[in-house]
Amino acid sequence: MKQVLSVALLSWSQLVLCAALVFFCGGCDKEEMHEEETLYIMEYSVDKPEGFIIDIVTGKPIKSGYAIAYRETLKSKGKDNLRKVIDCAKQHEGIIIGKPDKDDNTYYYESCRVFNSLSGKDARKFANENCNCAVYKITSETKIESRVINYWNSNDSILINNKRIRVYNPYKGKGNLSLKGMLHCHTDNSQRVDKFGSGSAEQNIIKWRDKGGYDFFSITDHNYATDIIEKDGIINLGKALEDTKKEQHLVVLNLPADYIYVDMGSQMATLSPYYQSLGAYVVYAHPMWEGALQSDDQIKCAGFSNFVEVYTNTIESSRAFDIMLSKGYKVFCLGVDDYHYNESFKDSFFNTAWVVAFARNKDKASIWDALLTGASYASTGAQISNITLSKEGVIEVTCPKPSVIRFLGYNANQNDKPLALSVTSSSTYGRYQVVGNEKYIRVVVQNERGKASSQAFVILP
């Protein structure tokens, strides 16, 4: 192959043809051909610092659609792993995606399939089989945006009894700020459904900021996407709504700025992929509320949700969170007010539950980064100061007030009631040594102010 033109000057199809000719003429062996293929993709990456997605059969870039990565190739880095990505692509559709990893200034590669929409049966099935872990929206040759939580960005490797175990650590990249957020709240634009309204959006935002101490919010009116309003001192995370149906309620965050509500029916299996195809994130709202009480079977079918509310005002839905984690769903928990207001119940739906994001900065991008990687916790008043996972597999939690600190994990016999792995009473510090067979571990802190629920540390296959 050394006699052939520089790989940078050849298309992939030309490279493969030249490699095959030289191979059959005795000019190189299979390993040398593999080496040239790998070098071609690596050199191609140099010219695409923002990322790329290419069909290696035709040598042409993919310019639109949704790409879903094969799980076994996720975030593959380095020459040897790229070789595995190329082999996977050859065995399947021949498509490779490359993106820069801004955390360590490296480049990673994945083999993937491309779909026109995320709402189709085939796309949903493939995403589920591959854990929804890397889904991208492609809007041009080099504009490739992550649209669904990349659940594998925060993997940690821990060593227990000389055995290496992979754990998803939601707090691996957390920031130093603790920002309070309201992600389920209503205004007068909900009147057509709740029949009374809850005040103007502008007045409510000022109230949430000044009286509630909230740092960020999204207005989620019933079946209505309220226009974005910006106020100093509090961050609007974007257009949102609550898709309100008799069967279930779904809060939908990060909708396109020009989105106008369209009734897409009541089936969660259709609604969630539809909203996610728009670049939105879906919250399974108050699954334990008696007005739309969800059965175990319904909860088990909620795997397309990105978040689940564990605290909704005074309603606790931790049971749903545990069922979803037991099923292996990649989901994060939220606390929310579900803010409503009228003269009869006044502020009984205000400042009762919220989410705290460990963000690097007080800006929209940093808050979303914290929420989408799980660097957050849900609260009804209790606080978590810090939560870490050591290389030896020790989870440590600190909180400002003496509390009961519970470490909870998977219960194979009763999915909706987690096992109490460890309990510390009246302390500001708790620790738990990961064993490796827990499936997931989450922390609940409780004191006279209320509860705080961490995201789950998940033992990965």
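Contact here means heavy atoms within 4.5 Å. The legends below describe a predicted model.

**Figure 1. Overview of the predicted model.** The protein holds 10 helices and 26 strands. Of its 461 residues, 56% are buried. Among contacts with a separation of 6 or more, 63% are between residues 24 or more positions apart.

Figure 2. With neighbours within four places in sequence left aside, the contacts of Ser-266 are Lys-245, Glu-247, Gln-248 and Leu-271. One of these residues, Leu-271, is a buried residue of H7. Between Ser-266 and Leu-250 the C-alpha to C-alpha distance is 10.0 Å, at a sequence distance of 16 residues.

**Figure 3. Helix H7, residues 268–277.** Eight of the 10 residues in H7 are buried, so the helix is largely enclosed by the rest of the structure. The buried residues are Met-268, Leu-271, Ser-272, Pro-273, Tyr-274, Tyr-275, Gln-276 and Ser-277. Gly-279 follows the helix and has a positive phi, near 90 degrees.

**Figure 4. Helix H10, residues 364–373.** This helix is mostly covered, with seven of its 10 residues buried. Ser-366, Ile-367, Trp-368, Ala-370, Leu-371, Leu-372 and Thr-373 are the buried residues. After H10 comes Gly-374, where phi is positive and near 90 degrees.

**Figure 5. Asp-156 in strand E8.** The strand covers residues 155–160. Asp-156 has a relative accessibility of 18% and therefore counts as buried, the cut-off being under 20%. Its side chain makes a polar contact of 3.5 Å with the side chain of Lys-172. Lys-172 is also among the residues in contact with Asp-156 once neighbours within four places in sequence are left aside; the others are Ile-165, Arg-166, Val-167, Asn-169 and Leu-389.

**Figure 6. Thr-226, in the loop between strands E11 and E12.** Strand E11 is 216–217 and strand E12 is 235–236. Thr-226 is buried because its relative accessible area is 7%, below the limit of 20%. The side chains of Thr-226 and Asn-189 are joined by a polar contact of 3.0 Å. Apart from neighbours within four places in sequence, Thr-226 is in contact with Thr-187, Asn-189, Ala-201, Ile-219, Asp-221, Lys-239 and Ala-240.

**Figure 7. The second largest cavity and its lining.** Two cavities of 30 Å³ or more are counted in the model. Thr-226 belongs to its lining, together with Phe-217, Ile-219, Asp-227, Ile-228, Ile-229, Asn-236, Gly-238, Lys-239 and Ala-240. By residue class, the lining consists of five nonpolar, three polar and two charged residues. Ile-219, Lys-239 and Ala-240, which are lining residues, are also among the residues in contact with Thr-226.

Methods
Residues numbered from 1 in each chain as written. Predicted model: local features only at pLDDT ≥ 70, side-chain atom pairs only at ≥ 80, totals over all residues. Heavy atoms only, no water. Buried < 20%, exposed > 50% of the residue type's maximum accessible area, 1.4 Å probe, protein only. Helix = DSSP H or I, 4+ residues; strand = E, 2+ residues; numbered from the N terminus. 1 Å grid on protein atoms, 1.4 Å probe; cavity = no way out; pocket = protein on both sides within 12 Å on 5 of 7 lines; lining within 4 Å. Points joined across faces, edges and corners; volume = space filled by probe spheres on them. Nonpolar A, V, L, I, M, F, W, Y, C, P; charged D, E, K, R; others polar. Polar contact = N/O pair within 3.5 Å; in protein donor to acceptor, adjacent residues only side chain to side chain.
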